[in-house]
Amino acid sequence: MQKKYVGAIDQGTTSTRFILFDKASNIICSHQLEHKQFYPQPGYVEHDALEIWHNTKKVISKTLEKGKIKASEIAAIGITNQRETTVLWNPETGLPYHKAIVWQDTRTDHICQRLHKKPGEDFFKRKTGLPLATYFSAPKIRWLLDNDSNLKEAAKQGKLLFGTMDTWLIWNLTGGKNGGKHITDVTNASRTMLMNLETLSWDEELLKALEIPANILPEIRPSSDSEFYGFTEIPEIFSEKIPICGDLGDQQAALFGQNCLKKGEAKNTYGTGCFLLMNTGTEIVHSTHGLLTTVACQIDKESPKYALEGSIAIAGSLVQWFRDNFGLITSSENIEQLARSVDDNGGLYFVPAFSGLFAPHWNNEARGIVIGLTHYINKGHMARAILEATAFQTREVFDAMMKDSGLDLKCLKVDGGMTANDLLMQFQADILNVEVIRPIITETTALGAAYAAGLAVGFWKDTDGLAAHWKADKCWEPRMKPEIRNREYSCWQKAVKRSLDWV
């Protein structure tokens, strides 16, 4: 039967989706399920990896059912995932030893502080392009090993595997305890703080510094791999085996899906957090302004492409927090209407440092503040300040990226759920003073994973052909007066300074 579709598993921080795309990059059908968030104590954020695996099977089944799609019509499957989130499991039982520690989790701060002293942050940044921060996987692995005395022995006996969520899903999709493939790609590996950016392999000195056994780590493969990672081994869902051959961390997948395939092209994704990436081509650009250097992608046997990244921990999740904790809106979409009830923020600024600040500050001791409260302030001003917090944080990262790259970006491609908010997008264009462009297909993260898998099996010929599928849906031009822009951003920077080093 003709191969009509490519599937993408989009395993995110709050939900898991399966989407089927056709050759024109159109979404044919999809299904999505949320998973539970666990907050056992302040600073701790966890997921149930088994729940995520069960949800993955459910969303695949439901999508095929909705679209009346047969397995024989699917050319390949790609995976994109929340990065850094860490799972350790037993390959004989298939069961995790502990709940997954999520990228937002800050419990490893004491480990990072110890590593700051020796071997020092420069040691890690030089090899990995990453600062010493609770964000990344390696300190999470170290914490798990330190807090469960049985894990060290399990590692010695070959009964311990590590993976980010892509690795966990690939292992389960390809057979699990019955021969599942233990694999990750270069983009996800570059977020562990254990992979050398130049060699694209696990680094012995990094492993030694963190005392992490090499035998628990997955094999590192290209993001789009014509040799395939493996085939589906889920007969209750797929009547025939489908190649798994695309894998990209979610933000790199969005960069790929936005067709930012050339040096100097950038995108910003507005999801749970906010992530601005710029393709730097085959050049490794080490940041001096608080950004990350990361792998953008590797297509089969080609040289890898790199990127500069600014990671913001709290964006869409701030709107959810406002909805759930205050009850002033019934759904996240309602915040735009409430924010439009006022003309401006009324002098109110919100710094959402709930678990410290990521780029460009990397300050784990920062905490959230609301500043500028007066009798004049109402719920509309609060809603507006919450939306503007995402745009202000993006401005900080944008400015750092211009300094690191030496480039002058004139536009920014955007995607993610928050781009449906026209008020936010206009303010983003205003505060950046550049054009903001939203594509017709905003599911760029899943699309990037689909592209990676489709290229590996020849469903799409090459990356040049993918560019024809990208089309703009809406553009926002800056219209704020320079003096207002400068004043607002200056006030935001003052607010950030007051949030730092609170703990």
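Predicted model: local features only at pLDDT ≥ 70, side-chain atom pairs only at ≥ 80, totals over all residues.
**Entry 1**

I began with the largest pocket, and its volume came out at about 1100 Å³. I then looked up its lining: there are 42 residues, and the closest to the centre are Tyr270, Gly271, Thr272, Gly416 and Gly417. Several elements give two or more residues to this lining, among them strand E2 (15–21), helix H9 (250–257) and helix H14 (444–456). Sorted by class, I found eleven nonpolar, 22 polar and nine charged residues there.

Next I turned to the second largest pocket, with a volume of about 640 Å³. Its lining has 24 residues, and Tyr39, Gln104, Ile314, Ser317 and Phe354 are the closest to its centre. Which helix gives the most to this lining? I found that H10 does, with six residues. The classes here are seven nonpolar, 13 polar and four charged.

**Entry 2: aromatic rings**

My count of aromatic pairs came to 25. I picked out Trp321 and Phe326, an edge-to-face pair with 5.0 Å from centre to centre and 75° between the planes. Trp321 is partly exposed at 25% relative accessibility, and Phe326 is partly exposed at 48%.

I also noted one aromatic cluster made of Trp103, Tyr135, Phe136, Phe275, Phe358 and Trp362. Phe275 turned up again with a charge: the charged end of Arg83 sits over its ring, 5.3 Å from the centre. I saw Lys413 over the face of Trp470 too, at 4.2 Å from the ring centre.

**Entry 3: salt bridges**

A reminder to myself: side chains of opposite charge can pair when their charged atoms come close. Searching the whole structure, I got 29 salt bridges.

Are the partners Arg17 and Asp10 buried or exposed? They meet at 2.4 Å, N to O. Arg17 is buried because its relative accessibility is 14%, and Asp10 is buried at 7%.

Lys301 and Glu227 also form a salt bridge, at 3.2 Å between the closest N and O atoms. Each lies in a loop between two strands, so this pair ties together parts that are 74 residues apart in sequence. Lys301 is exposed at 63%, and Glu227 is exposed at 54%.

Asp399 and Arg395 pair at 2.8 Å. They are four residues apart in helix H12, so about one helical turn separates them. Asp399 is partly exposed at 23%, whereas Arg395 is buried at 15%.

Last, I wrote down a network: Arg83, Glu84, Arg191, Asp250 and Glu309 are joined by salt bridges that share partners.

Methods: Residues numbered from 1 in each chain as written. Heavy atoms only, no water. 1 Å grid on protein atoms, 1.4 Å probe; cavity = no way out; pocket = protein on both sides within 12 Å on 5 of 7 lines; lining within 4 Å. Points joined across faces, edges and corners; volume = space filled by probe spheres on them. Nonpolar A, V, L, I, M, F, W, Y, C, P; charged D, E, K, R; others polar. Phe/Tyr/Trp six-rings, centres within 6.5 Å; stacked < 30°, edge-to-face > 60°. Buried < 20%, exposed > 50% of the residue type's maximum accessible area, 1.4 Å probe, protein only. Lys NZ or Arg CZ within 6 Å of the ring centre and 35° of its normal. Salt bridge = Lys/Arg side-chain N within 4 Å of Asp/Glu carboxyl O.
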